[in-house]
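I opened my notebook to look up a few places in this structure and to write down what I found at each of them.

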Amino acid sequence: MKALWVTVLLLGGAGLWWIHQPLPISGEAVDLSIEPGTPPRAVAQAVADAGVPVSPLALYAWFRLSGQARQIRAGNYALEPGTTPRSLLRKLVRGEESLRTLTIVEGWNWRQVRAALAQASDLRADSRALDDATLMQALGRPGVAPEGRFFPDTYTYAKGASDLSILARAMRAMDHQLAAAWALRASDLPLASAEEALILASIIEKETAREQDRRLIAGVFINRLRRGMPLQTDPTVIYGLGERFDGNLRKRDLQTDTPWNTYTRSGLPPTPIAMPGRASLLAAVQPATTDAIYFVARGDGSSHFSATLEEHNRAVNRYQRGQ
């Protein structure tokens, strides 16, 4: 009887020692995928099948003895060197999945977002075969153009997640940010809806990345809208040219009419032209009070603002023509 107890104690001690020892994972992390409904024994086998040199029987026994075997969650996990049976079980029970990231950059247009989704690692490309109309319908926004609808931010996702889930999250984020900005709008804006604020914000986003100039540029556009003047902003023309734009905006481009050409058409274009960030959304609804109705880039990232055409022409000669 005494020998039996000694054996039990030795086995228990060995087991306790084993669960705290790093599993023999060498090199890079091992990817482990657990499907919903996978039983604990199959989870232990999946660990071994993923490339971890461990006894599935010993691992399953540890799962059972811990009392947490039924709490293991489905998901995608990264098992790094140094992982022990104890830390492995804790990771699986807590659902600490390995996550990838995708960043939507402020000022990106819809084509660029599509390209980023296509290049993202381990992201299921469910949207690839969908045209824009079908994609927006799948997201619950039939008849809405995708341009400007996805908030620029960094989004995390698990291996094998659908790109539609990323877009749905980005769309909800934009809805939230736009509603919050619209609630803070100035009382006398010549904007009829939050949608118009989104369009204006997208133009501001493309015109400047300089924080100090955003509200002043918004003020210029608001002044033009109030007077019925064309916005005459180059980014809208470039957007209307689409893939035909070769990086050089010519006079004939300014004269070529498209729905987005704000030289040939008054008012706001029919859709946003990019994904605006929060600062541009707020600038669109809280523009600076200014007499300026013109501005021109100085070449250093800032802009020169003018209240008269004569002053504007002098600024153009100075900053654009070097005169």
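I began with Gly-75, which lies in strand E2, residues 75–79 (helices, H or I of at least four residues, and strands, E of at least two, are DSSP runs numbered from the N terminus). I noted that this is a predicted model, in which local features need pLDDT of at least 70 and side-chain atom pairs count only at pLDDT 80 or more, while totals for chains, interfaces and linings use all residues. Residues are numbered from 1 along each chain as its sequence is written, and side-chain values use heavy atoms, with hydrogens and water left out.

Is Gly-75 buried or exposed? I found a relative accessibility of 10%, so Gly-75 counts as buried (under 20% relative accessible area is buried, over 50% exposed, and in between partly exposed, with a 1.4 Å probe and protein chains only). Setting aside neighbours within four places in sequence, I listed Leu-32, Ser-33, Ile-34 and Glu-97 as its contacts, where contact means heavy atoms within 4.5 Å. From Gly-75 to Ala-315 I read 240 residues in sequence and 59 Å in space, C-alpha to C-alpha.

Next I looked up Thr-258, which sits in the loop between helix H11 (251–255) and helix H12 (278–285). Thr-258 is buried too, with a relative accessible area of 10%, and, not counting residues up to four places away in sequence, Thr-258 touches Gly-240, Arg-244, Thr-264 and Arg-265.

Last, I followed the antiparallel strands E7 (residues 294–297) and E8 (residues 303–306), which four bridges join; two strands pair if DSSP finds at least two bridges between them. Ala-297 has Ser-303 in E8 as its bridge partner. The two strands E7 and E8 form a hairpin with five residues between them, and Gly-299 in the turn has a positive phi of about 100°.
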